[in-house]
Amino acid sequence: MPTRHLITLNDLTDEDLRHIVARGAHFASGAGRDERPLAGQVVGIYFRKTSTRTRTAFSSGALRLGAQIVSYGPDDLQTNTGETIEDTGRVMSRMLDMLVARTAGDPAEMRALAGDGRMSVVNAMSADEHPTQALTDLTTLQRHFGRIDGLRLLYIGEGNNTAVALALALSRFSGVELELRTPPGYGLAPEVLERARAQAARTGSSVVEHHHMDGLPQGVDVVYTTRWQTTGTSKPDANWREIFAPFQVTEALWENSPQAVFLHDLPAHRGEEVTAEVLDGHRSIAFDQAENKMHSAMAVLEWCRAAGNGSGR
């Protein structure tokens with residue numbers, strides 16, 4: 001069977017997506033504590049950009065599944081002296097079973113690393129998409145609500161790589177309502193919004209986006225935000241903080257949705273995208289969400305190697 005990669009959520013079928021979420025919830029429950037599907041395998045952890053949760057999640061997750069890991073920082077590879085990314089991938093694929101990479105750059109780099117076909121490659125964040133964050137979010141929703149189908153989510157903030165992944169993932173579940181409130185000029189790319197809406201039309205869900213904070217929806221299940229200054233990006237507007245200011249998540253948002261929980265992919269800047277009262281309050285499950293990154297990472301690693309080692313599902 002061919003090697004599996006997770007470079008974009010588009011690499012997953014609907015069945016794959018639900019399977020990974022279910023396995024993430026399985027690991028989170030503690031039921032898979034003694035499972036070692038990666039015994040005898042070696043996972044490379046290559047992070048060119050800063051990371052706390054994702055790097056720790058994949059490192060600890062691989063170890064818990066029985067693998068050994070090799071870690072690389074931004075200054076460790078010969079790409080810094082001119083070696084091509086294609087040659088780097090050809091060499092790594094002869095020594096590693098999997099490579100988890102964060103570049104915050106063009107996802108074409110990850111395709112090049114995966115070009116030899118023998119080593120699974122996992123996108124731990126590129127400039128345009130953060131697929132493993134979406135899988136973490138889905139795992140969190142599954143654990144908290146017992147379902148994803150039919151949930152109503154309000155996302156507030158920049159249409160960054162986390163928002164992209166969230167829209168592409170949630171639109172593949174049935175009856176989901178996702179409303180994004182993004183600052184003017186900082187929304188989802190048109191092609192991403194078009195794809196998410198096409199998927200939503202197929203599944204009976206909806207994805208809508210507005211660039212103001214008027215008339216917020218009532219009775220949502222989840223309020224989600226991310227930090228305003230995303231890793232590896234810069235804002236084109238010098239006054240971007242003024243543009244973003246109305247999109248801060250405060251306790252006032254719960255007047256319309258008193259039962260909603262709060263999600264944040266972290267790290268958070270209290271007093272900017274969210275107030276301390278919300279992030280540290282009883283509605284917040286953001287730190288449970290952070291823990292679920294490890295459980296979800298374990299599910300991703302297991303899924304990637306299931307084809308390569310013939311273990312199936």
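The axes of helix H5 (residues 131–145) and helix H6 (residues 161–170) come within 8 Å and cross at roughly 55°. Axes here are lines fitted to C-alpha atoms, for helices over the stretch in contact, with angles running from 0 to 180 degrees between N-to-C directions. Helices are DSSP runs of H or I with at least four residues, strands are runs of E with at least two, and both are numbered from the N terminus. H5 and H6 are therefore oblique to each other; angles under 35 degrees count as roughly parallel, over 145 as roughly antiparallel, 65 to 115 as roughly perpendicular and the rest as oblique. The crossing of the two helices is right-handed, meaning that the near helix is turned clockwise from the far one by less than a right angle. H5 contributes Pro131, Gln133, Ala134, Asp137, Leu138 and Leu141 to the contact, and H6 contributes Thr162, Ala165, Leu166, Ala169 and Leu170. Contact means heavy atoms within 4.5 Å.

The model is predicted; local features need pLDDT of at least 70, side-chain atom pairs count only at pLDDT 80 or more, and totals for chains, interfaces and linings use all residues. Residues are numbered from 1 along each chain as its sequence is written, and side-chain values use heavy atoms, without hydrogens or water.

H6 is largely enclosed by the rest of the structure, because 10 of its 10 residues are buried. Buried denotes under 20% relative accessible area, exposed over 50%, and partly exposed in between (1.4 Å probe, protein chains only). The buried residues of H6 pack against helices H1 (14–28), H5 and H7 (190–203). They also pack against strands S5 (152–156), S6 (177–181) and S8 (222–225).

Leu170 of H6 is among the residues with the most contacts inside the largest nonpolar core, which has 59 residues. Leu9, Val100, Leu135, Leu138 and Leu301 are also listed there. A nonpolar core is a set of buried Ala, Val, Leu, Ile, Met, Phe, Trp, Tyr and Cys residues joined through side-chain atoms within 4.5 Å. Another core, of 18 residues, lies apart from it and includes Leu154, Met213, Val220 and Ala286. Beyond four places in sequence, Leu170 is in contact with Leu138, Leu141, Ile148, Leu153, Val176, Leu178 and Ser205.

Thr203 is found in helix H7. At 16% relative accessibility, Thr203 counts as buried. Leaving out residues up to four places away in sequence, Thr203 touches Ser171, Arg172, Phe173, Ser174 and Gly175. The C-alpha atoms of Thr203 and Asp149 are separated by 9.7 Å, with the two residues 54 apart along the chain.
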